[in-house]
Amino acid sequence: ITPRTGTASPSPTARTPQTSTKTSPVPVPTAAPTGATAIASAMAWVKAGKPADPTAFHTATRDGVATQLGSDVAFVTPTGTTQCMTDAKADGALSCLVDLRHPPTEPSNAYGHWIGGWSDFDGSTLSVGSTHADPGPFAAGKGAELAYGTSLRFGDYQCRSDPDGLFCVNFARQSGAKFADSGVEPLGCLKLVDAPALGLKFSC
(Lines give C-alpha, C1' and ligand atoms only; values in the text may rest on other atoms or scores of the structure.)
Protein backbone atom coordinates (compact mmCIF):
# COMPACT_ATOMS: atom_id res chain seq x y z
CA ILE A 1 0.00 0.00 0.00
CA THR A 2 1.40 3.37 -0.99
CA PRO A 3 1.41 5.80 1.97
CA ARG A 4 -0.38 9.11 1.54
CA THR A 5 1.73 12.19 1.15
CA GLY A 6 0.99 15.78 2.08
CA THR A 7 1.22 18.20 4.96
CA ALA A 8 -0.25 16.98 8.18
CA SER A 9 -2.64 19.25 10.09
CA PRO A 10 -1.03 20.70 13.18
CA SER A 11 -2.09 19.21 16.46
CA PRO A 12 -4.41 21.46 18.50
CA THR A 13 -2.04 21.01 21.43
CA ALA A 14 0.80 22.54 19.45
CA ARG A 15 -0.82 25.96 19.15
CA THR A 16 0.77 28.83 20.99
CA PRO A 17 -1.49 29.92 23.86
CA GLN A 18 -2.76 33.50 23.72
CA THR A 19 -1.60 35.85 26.42
CA SER A 20 -4.46 37.39 28.35
CA THR A 21 -4.42 41.19 28.66
CA LYS A 22 -6.89 41.19 31.52
CA THR A 23 -5.56 42.25 34.92
CA SER A 24 -6.49 40.34 38.02
CA PRO A 25 -8.79 42.19 40.41
CA VAL A 26 -7.15 43.53 43.55
CA PRO A 27 -8.15 41.44 46.58
CA VAL A 28 -10.26 43.35 49.08
CA PRO A 29 -8.46 43.61 52.45
CA THR A 30 -10.35 42.26 55.44
CA ALA A 31 -9.24 45.14 57.67
CA ALA A 32 -9.39 48.92 57.27
CA PRO A 33 -6.38 50.47 55.49
CA THR A 34 -3.35 51.92 57.25
CA GLY A 35 -0.51 54.07 55.99
CA ALA A 36 1.33 50.88 55.01
CA THR A 37 -1.54 49.62 52.83
CA ALA A 38 -0.97 49.78 49.06
CA ILE A 39 -3.26 52.41 47.54
CA ALA A 40 -4.81 49.85 45.16
CA SER A 41 -5.83 47.73 48.14
CA ALA A 42 -7.09 50.78 50.05
CA MET A 43 -9.23 51.78 47.08
CA ALA A 44 -10.60 48.24 46.77
CA TRP A 45 -11.58 48.31 50.45
CA VAL A 46 -13.31 51.69 50.14
CA LYS A 47 -15.18 50.60 46.98
CA ALA A 48 -16.33 47.40 48.72
CA GLY A 49 -18.53 49.37 51.12
CA LYS A 50 -22.31 49.35 50.71
CA PRO A 51 -23.12 52.08 48.14
CA ALA A 52 -24.83 55.12 49.65
CA ASP A 53 -27.41 57.12 47.70
CA PRO A 54 -25.61 60.35 46.65
CA THR A 55 -28.88 62.29 46.46
CA ALA A 56 -29.17 62.11 50.25
CA PHE A 57 -26.00 64.13 50.77
CA HIS A 58 -26.63 67.38 48.90
CA THR A 59 -28.11 69.14 51.94
CA ALA A 60 -26.51 70.62 55.06
CA THR A 61 -28.45 71.51 58.22
CA ARG A 62 -27.65 74.03 60.93
CA ASP A 63 -29.95 74.95 63.82
CA GLY A 64 -32.83 73.24 62.03
CA VAL A 65 -32.31 75.22 58.82
CA ALA A 66 -31.54 73.15 55.72
CA THR A 67 -29.36 74.49 52.91
CA GLN A 68 -29.34 72.91 49.46
CA LEU A 69 -25.75 72.45 48.30
CA GLY A 70 -26.31 71.94 44.60
CA SER A 71 -23.55 69.73 43.22
CA ASP A 72 -21.62 69.75 46.52
CA VAL A 73 -21.96 66.97 49.09
CA ALA A 74 -21.82 67.00 52.90
CA PHE A 75 -21.74 64.15 55.38
CA VAL A 76 -20.83 63.31 58.95
CA THR A 77 -19.61 60.11 60.63
CA PRO A 78 -21.94 58.32 63.10
CA THR A 79 -19.93 59.57 66.11
CA GLY A 80 -19.89 63.13 64.79
CA THR A 81 -16.11 63.12 65.08
CA THR A 82 -15.62 63.98 61.41
CA GLN A 83 -17.78 66.13 59.16
CA CYS A 84 -16.87 66.74 55.53
CA MET A 85 -18.03 68.89 52.65
CA THR A 86 -16.95 69.54 49.07
CA ASP A 87 -16.55 73.00 47.56
CA ALA A 88 -17.43 73.49 43.90
CA LYS A 89 -15.59 76.83 44.00
CA ALA A 90 -12.39 74.89 44.78
CA ASP A 91 -12.82 72.33 41.99
CA GLY A 92 -14.81 70.05 44.27
CA ALA A 93 -11.99 69.61 46.80
CA LEU A 94 -12.90 67.85 50.03
CA SER A 95 -12.63 69.61 53.39
CA CYS A 96 -13.20 67.91 56.74
CA LEU A 97 -13.45 69.11 60.33
CA VAL A 98 -12.05 66.44 62.62
CA ASP A 99 -12.36 66.50 66.40
CA LEU A 100 -8.72 65.55 66.94
CA ARG A 101 -7.57 64.42 70.37
CA HIS A 102 -4.13 65.87 69.64
CA PRO A 103 -4.39 68.54 66.91
CA PRO A 104 -1.20 69.99 65.43
CA THR A 105 0.26 73.02 67.19
CA GLU A 106 -0.47 76.43 65.71
CA PRO A 107 2.62 77.74 63.89
CA SER A 108 4.11 80.97 65.20
CA ASN A 109 3.68 82.64 61.79
CA ALA A 110 0.01 81.69 61.35
CA TYR A 111 -2.41 84.61 61.17
CA GLY A 112 -6.17 84.35 61.68
CA HIS A 113 -8.40 81.95 63.56
CA TRP A 114 -6.51 78.67 64.00
CA ILE A 115 -8.52 75.46 63.54
CA GLY A 116 -6.31 72.46 64.31
CA GLY A 117 -8.80 69.90 63.03
CA TRP A 118 -9.49 71.53 59.66
CA SER A 119 -8.24 69.26 56.89
CA ASP A 120 -8.21 69.93 53.13
CA PHE A 121 -7.76 67.07 50.66
CA ASP A 122 -7.67 67.83 46.92
CA GLY A 123 -6.05 64.56 45.85
CA SER A 124 -2.54 65.87 45.26
CA THR A 125 -2.21 67.46 48.72
CA LEU A 126 -3.55 66.87 52.23
CA SER A 127 -3.27 69.48 54.98
CA VAL A 128 -4.16 69.32 58.67
CA GLY A 129 -4.54 72.47 60.76
CA SER A 130 -4.94 75.91 59.18
CA THR A 131 -6.19 79.44 59.80
CA HIS A 132 -9.58 80.69 58.61
CA ALA A 133 -11.40 84.00 58.78
CA ASP A 134 -14.82 82.31 58.73
CA PRO A 135 -16.38 78.82 58.79
CA GLY A 136 -16.32 78.66 55.00
CA PRO A 137 -18.53 75.92 53.59
CA PHE A 138 -19.20 74.60 57.10
CA ALA A 139 -21.33 77.67 57.82
CA ALA A 140 -24.19 75.74 56.19
CA GLY A 141 -24.00 73.08 58.90
CA LYS A 142 -23.62 69.31 58.75
CA GLY A 143 -24.66 66.82 56.12
CA ALA A 144 -26.43 63.50 56.53
CA GLU A 145 -24.85 60.67 58.49
CA LEU A 146 -22.70 58.24 56.49
CA ALA A 147 -23.38 54.97 58.29
CA TYR A 148 -20.62 52.51 59.12
CA GLY A 149 -19.90 50.16 56.25
CA THR A 150 -21.37 52.49 53.62
CA SER A 151 -19.41 54.15 50.84
CA LEU A 152 -20.20 57.45 49.09
CA ARG A 153 -18.91 58.22 45.58
CA PHE A 154 -18.69 61.81 44.32
CA GLY A 155 -16.48 63.24 41.57
CA ASP A 156 -13.01 61.69 41.75
CA TYR A 157 -13.57 60.72 45.40
CA GLN A 158 -15.07 57.86 47.33
CA CYS A 159 -15.36 57.73 51.12
CA ARG A 160 -16.20 54.80 53.37
CA SER A 161 -17.26 55.15 57.00
CA ASP A 162 -15.90 52.66 59.51
CA PRO A 163 -15.55 52.43 63.32
CA ASP A 164 -11.79 52.91 62.76
CA GLY A 165 -12.39 56.23 60.98
CA LEU A 166 -13.46 57.80 57.70
CA PHE A 167 -11.44 56.64 54.71
CA CYS A 168 -11.45 58.72 51.51
CA VAL A 169 -9.60 58.03 48.27
CA ASN A 170 -9.05 60.07 45.12
CA PHE A 171 -9.00 57.91 42.01
CA ALA A 172 -7.49 60.56 39.72
CA ARG A 173 -4.47 61.07 42.00
CA GLN A 174 -4.17 57.55 43.42
CA SER A 175 -4.13 58.97 46.93
CA GLY A 176 -6.21 58.81 50.07
CA ALA A 177 -6.60 59.78 53.70
CA LYS A 178 -7.91 58.42 56.98
CA PHE A 179 -9.77 60.86 59.21
CA ALA A 180 -10.21 59.92 62.87
CA ASP A 181 -9.98 61.54 66.30
CA SER A 182 -6.66 59.74 66.70
CA GLY A 183 -5.27 61.69 63.74
CA VAL A 184 -5.34 62.28 59.99
CA GLU A 185 -3.22 59.75 58.11
CA PRO A 186 -2.14 59.96 54.44
CA LEU A 187 -2.52 57.04 52.02
CA GLY A 188 -0.89 56.36 48.67
CA CYS A 189 1.50 58.89 47.16
CA LEU A 190 1.05 61.55 49.87
CA LYS A 191 4.28 62.28 51.75
CA LEU A 192 5.07 64.81 54.49
CA VAL A 193 6.43 68.13 53.19
CA ASP A 194 7.41 71.42 54.81
CA ALA A 195 4.58 73.94 55.18
CA PRO A 196 5.36 76.60 57.82
CA ALA A 197 1.86 78.15 57.91
CA LEU A 198 0.05 74.82 58.31
CA GLY A 199 -0.02 72.21 61.03
CA LEU A 200 0.87 69.36 58.67
CA LYS A 201 1.00 69.02 54.90
CA PHE A 202 1.39 65.96 52.70
CA SER A 203 1.94 66.07 48.95
CA CYS A 204 2.28 63.64 46.02
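What is the volume of the largest pocket? About 300 Å³. The model is predicted.

## Pockets

The largest pocket has a lining of 18 residues. Nearest its centre lie Asp91, Gly92, Ala93, Asp156 and Tyr157. By class, the lining holds seven nonpolar, six polar and five charged residues.

The second largest pocket holds about 180 Å³ of space. Its lining counts 14 residues, with Ala93, Leu94, Ser95, Asp120 and Phe121 nearest the centre. Strands β6, β7 (113–121) and β8 each give two or more residues to this lining.

## Nonpolar cores

The largest nonpolar core has 25 residues. Phe75, Leu94, Phe121, Leu126, Phe154, Leu166 and Phe179 touch the most other members. Two or more residues come from each of β6 (93–98), β8 (125–132), β10 (150–154), β11 (157–162), β12 (165–170) and β13 (175–180). β6 contributes the most, with four residues.

Beyond its neighbours within four places in sequence, Phe179 is in contact with Thr82, Cys96, Val98, Ser119, Phe121, Leu126, Gly165, Leu166, Cys168 and Val184. Another core, of 10 residues, lies apart from the largest one. Its members include Ala32, Phe167, Val169 and Leu187.

## Gln83

Gln83 sits in strand β5 (residues 82–87). Is Gln83 buried or exposed? Its relative accessible area is 14%, so Gln83 is buried, the cut-off being under 20%.

Leaving aside neighbours within four places in sequence, Gln83 is in contact with Phe75, Val76, Ser95, Cys96, Leu97, Phe138, Gly141 and Lys142. Among these, Phe75 is one of the core residues that touch the most other members.

Conventions: Residues numbered from 1 in each chain as written. Predicted model: local features only at pLDDT ≥ 70, side-chain atom pairs only at ≥ 80, totals over all residues. Heavy atoms only, no water. Core = buried A, V, L, I, M, F, W, Y, C linked by side-chain atoms within 4.5 Å. Buried < 20%, exposed > 50% of the residue type's maximum accessible area, 1.4 Å probe, protein only. Contact = heavy atoms within 4.5 Å. 1 Å grid on protein atoms, 1.4 Å probe; cavity = no way out; pocket = protein on both sides within 12 Å on 5 of 7 lines; lining within 4 Å. Points joined across faces, edges and corners; volume = space filled by probe spheres on them. Nonpolar A, V, L, I, M, F, W, Y, C, P; charged D, E, K, R; others polar.
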